[in-house]
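I opened my notebook to get to know a new structure. Here is what I looked up, entry by entry.

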Amino acid sequence: GELSLDSQQSLERGGQSGPVVLHEAPDASPLLLAVLGNDPVYSPMPPTGPRLSTQEIDALRHWIRNGARFPDTVVIDREVRHWAFHPISD
């Protein structure tokens, strides 16, 4: 579906089906609905294996409600580390 979630720009762009994060209606965001896995319109994420915990889903919901902003790139020992390799923080 041409969806990439590895940068702020790609998150805002969304995929073939449109935006995945709805800032004006966070609980209706396709990303959150897919993670919840109980909406017939969106394929469950992850497609196989264990579902996210309630705490993880709450963290995702909180992130979306607060603008779904990616953290700034961090440089450690002259090496740029991708945001995905940093611990989750508020």
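**Entry 1: the overall layout**

I read the elements from the N terminus on, and the order is α-α-α-β-β. That comes to 3 helices and 2 strands in the chain. Helices (H or I, at least four residues) and strands (E, at least two) are DSSP runs, numbered from the N terminus.

Before going on, I noted that this is a predicted model, where local features need pLDDT of at least 70, side-chain atom pairs count only at pLDDT 80 or more, and totals for chains, interfaces and linings use all residues. Residues are numbered from 1 along each chain as its sequence is written, and side-chain values use heavy atoms, with hydrogens and water left out.

Next I looked up the surface. The chain has an accessible surface of about 6700 Å², and 54% of it belongs to carbon and sulfur atoms. Accessible areas come from the Shrake-Rupley method with a 1.4 Å probe, and for residues only the protein chains shown count as cover. Of the 90 residues in the chain, 24% count as buried. Buried means under 20% relative accessible area, exposed over 50%, and partly exposed in between (1.4 Å probe, protein chains only).

I also checked contacts, meaning heavy atoms within 4.5 Å. Among the contacts in the chain with a separation of 6 or more, 38% are between residues 24 or more positions apart.

**Entry 2: the nonpolar core**

Which residues make up the largest nonpolar core? I found 11: Leu11, Val20, Val21, Leu31, Leu32, Val35, Ile57, Leu60, Ile64, Ala68 and Phe70. Helices α2 (30–36) and α3 each supply at least two residues of this core. A nonpolar core is a set of buried Ala, Val, Leu, Ile, Met, Phe, Trp, Tyr and Cys residues joined through side-chain atoms within 4.5 Å.

Leaving aside neighbours within four places in sequence, Val21 is in contact with Leu11, Ser29, Leu31, Ile64 and Ala68.

Ser29 was my next stop, in the loop between α1 and α2. Ser29 counts as buried because its relative accessible area is 0%. Not counting residues up to four places away in sequence, Ser29 touches Val20, Val21, Leu22 and Ile64.

**Entry 3: Arg61**

Is Arg61 buried or exposed? Arg61 counts as buried, because its relative accessibility is 19%. I located Arg61 in helix α3 (residues 54–65). Apart from neighbours within four places in sequence, Arg61 is in contact with Asp27, Leu32 and Leu36.

**Entry 4: two backbone notes**

Most residues other than glycine have a negative phi, and most peptide bonds are trans. With that in mind, I wrote down two places.

Ala68 is not a glycine, yet has a positive phi of about 50°. Ala68 sits in the loop between α3 and β1 (74–76), and at 0% relative accessibility Ala68 counts as buried.

Met45 and Pro46 are joined by a cis peptide bond, with omega at about -10°. Pro46 belongs to the loop between α2 and α3.

**Entry 5: some spots outside the helices**

Ser43 is found in the loop between α2 and α3. With a relative accessibility of 58%, Ser43 counts as exposed. Ser43 and Pro30 are 13 residues apart along the chain, and 9.7 Å separates their C-alpha atoms.

Pro19 is in the loop between α1 and α2, and counts as partly exposed at 45% relative accessibility. Not counting residues up to four places away in sequence, Pro19 touches Gly14 and Pro30. From Pro19 to Leu31 I noted 12 residues in sequence and 8.9 Å in space, C-alpha to C-alpha.

Leu5 lies in the segment before α1 (8–13), and its 30% relative accessibility makes Leu5 partly exposed. Leu5 and Phe70 are 65 residues apart in sequence, with 10.0 Å between them in space, C-alpha to C-alpha.
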